[in-house]
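Please look over the sequence and the structure shown here before reading on.

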Amino acid sequence: MPNFISDDILILLGAGASCNAGILNSSQMINSIEEDLDKDDWRKFKPLYQYIKSIHFQKEILHGNRPENVVFNIENLVSLLDTIIKIAKPDAEPFVFVGSWEKRLNPFISGEQTESLASSFRENIIKRIRGAWLMPDDWKSKSAYYKSLIEFKNELDGMPLEIFTLNYDLCVEHNLSGEHIEDGFDENGNWSFRRYDHEQENQIGYYLYKLHGSINWKKSETERLIKTEGHIDTNDLAIIFGVDNKLQSLDPYLFYFYLFREHCLNAKLIIASGYGFMDEHINDVIRQAFKDSPKKKLAINMRCPDVGATKTGISARLKISEDQIEIFNKDAVSFFRDDLKRRTFEGMFNTVDDSLPPNF
């Protein structure tokens, strides 16, 4: 059996990890929007929404994806809204659209310039993200299964847990409240990369890295990031959408992405819960980490009707062996409660071929 030591385990959380708390995932957010587009206060956004969705599908098909495999999510929607908003500005740089796309775009640029149509649509979406979608009335009680992270950490003989999340919600912070968790912010709510100094890790139980931002992060006038429980203007909310934005050269996003790569390379075991492996910038890092060390293991919890096909699909997507993957086909509550245990993951390394180096 392996003896897990610091940096051997990395936890990656995706939207599916929070669904049991009543928090909507991206597909559910899109469904909510589509239901409301025929209502009076949202009907004006319907042509803009349909245009953006059609452009996304056309772009993906041109890239060689089959129509039935194209996914349209909230990040795609807001990212393309941001593009239209930028184009509509007087000082916008030239932006190239293909053929008829450009002609169909012009009315929406005019709509943004005259009545802030895209900006208004975006603002309504962001308000819902920071409201009912990610903070429903009972999310705090329903997310209590996240406390299993405490039990798991205690089983690991005091080594800190490295938790990377793609989610904007506050489930980890709320349920680890009172624990020694480092989230990058000081007592005044100011973010600093220096707080992740591992020389003081004996005082820290958990390191939290929110790769895409958080619903309680605010951009300040000095471009310094602030954590606040108060009101945040939609333009100041520090969450990011779209692949291009995720790789922007701004901290903490660039800093977190670098640390994600570093910890993936160092980890012997990556535990992914609720992540569907649809983000290529995340997949690229995992893929490279497994290429660097073929003895790594990937434990995945995601609801899937066909576990075998899912394992084959993820193996092909990441270009790693199916033998390196273990899939738990459960909801997040069951996985956190029953399987987030040291013995579960030790069992993944109990064969002769998978024996670990002496220092593992």
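## The chain as a whole

The model described here is predicted. Its protein chain contains 14 helices and 10 strands. Of the 360 residues in the chain, 51% are buried.

Contacts can also be sorted by how far apart the partners are in the sequence. Among contacts in the protein chain with a separation of 6 or more, 75% are between residues 24 or more positions apart.

## Helices α1 and α3

Helix α1 covers residues 26-36 and helix α3 covers residues 74-87. Their axes come within 8 Å of each other and cross at roughly 65°. On the α1 side, Ser-26, Met-29, Ile-30 and Ile-33 take part in the contact, and they meet Ile-74, Glu-75 and Leu-77 of α3. By type, the residues of this contact are 5 nonpolar, 1 polar and 1 charged.

Is α3 largely enclosed by the rest of the structure, or largely open? Burial is counted as under 20% relative accessible area. Because 12 of its 14 residues are buried, α3 is largely enclosed by the rest of the structure. The buried set includes Ile-74, Glu-75 and Leu-77, which also belong to the contact with α1. Also buried in α3 are Asn-76, Val-78, Leu-80, Leu-81, Asp-82, Thr-83, Ile-84, Ile-85 and Ile-87. The 14 residues of α3 should span 20 Å at 1.5 Å a residue, and its end C-alpha atoms are 20 Å apart, so the two values agree.

## The second largest pocket

The second largest pocket has a volume of about 370 Å³. It is lined by 18 residues, and the closest to its centre are Glu-173, His-174, Asn-216, Lys-227 and Glu-229. The lining divides into 7 nonpolar, 4 polar and 7 charged residues.

Which elements supply at least two residues each to this lining? Among those that do are α6 (139-142), α8 (171-175) and β5 (213-219). The loop between α5 (117-133) and α6 holds Asp-138. With a relative accessible area of 31%, Asp-138 counts as partly exposed, because that class lies between the 20% and 50% limits. Asp-138 and Ala-21 are 117 residues apart along the chain, yet their C-alpha atoms are separated by 7.7 Å.

## Helix α11

Helix α11 covers residues 280-292. At 1.5 Å a residue, its 13 residues should span 18 Å, and the 18 Å between its end C-alpha atoms agrees with this. Buried residues in α11 are His-281, Ile-282, Asn-283, Val-285, Ile-286, Arg-287, Ala-289 and Phe-290.

Asp-284 also has its place in α11. This residue is partly exposed, with a relative accessible area of 39%. Asp-284 and Leu-318 are 34 residues apart in sequence, and the distance between their C-alpha atoms is 7.7 Å.

## Two residues with positive phi

Phe-277 is not a glycine, but it has a positive phi of about 60°. The loop that holds Phe-277 runs between β8 (269-273) and α11. Lys-319, likewise a residue other than glycine, has a positive phi near 60°. Lys-319 lies in the loop between α12 (307-318) and β10 (325-328).

Which of the two classes, buried or exposed, does Phe-277 belong to? Phe-277 counts as buried because its relative accessibility is 0%. Lys-319, at 67% relative accessibility, counts as exposed. In sequence Lys-319 is 31 residues from Gln-288, and in space the two are 9.4 Å apart, C-alpha to C-alpha.

What is Gln-324 in contact with, leaving aside its neighbours within four places in sequence? The partners are Phe-290, Ser-293, Pro-294, Lys-295, Lys-296, Lys-297 and Leu-298. One of these, Phe-290, is a buried residue of α11.

Note on methods:
Residues are numbered from 1 along each chain as its sequence is written. This is a predicted model: local features need pLDDT of at least 70, side-chain atom pairs count only at pLDDT 80 or more; totals for chains, interfaces and linings use all residues. Side-chain values use heavy atoms; hydrogens and water are left out. Helices (H or I, at least four residues) and strands (E, at least two) are DSSP runs, numbered from the N terminus. Buried means under 20% relative accessible area, exposed over 50%, partly exposed in between (1.4 Å probe, protein chains only). On a 1 Å grid over the protein atoms alone, a cavity is a set of points where a 1.4 Å probe fits but cannot get out, and a pocket is an open set with protein on both sides within 12 Å along at least five of seven lines; lining residues have an atom within 4 Å of a point. Grid points are joined across faces, edges and corners, and a volume is the space filled by probe spheres set on the points. Ala, Val, Leu, Ile, Met, Phe, Trp, Tyr, Cys and Pro count as nonpolar, Asp, Glu, Lys and Arg as charged, and the others, Gly among them, as polar. The expected span of a helix is 1.5 Å times one less than its number of residues. Contact means heavy atoms within 4.5 Å. Axes are lines fitted to C-alpha atoms, for helices over the stretch in contact, and angles run from 0 to 180 degrees between N-to-C directions.
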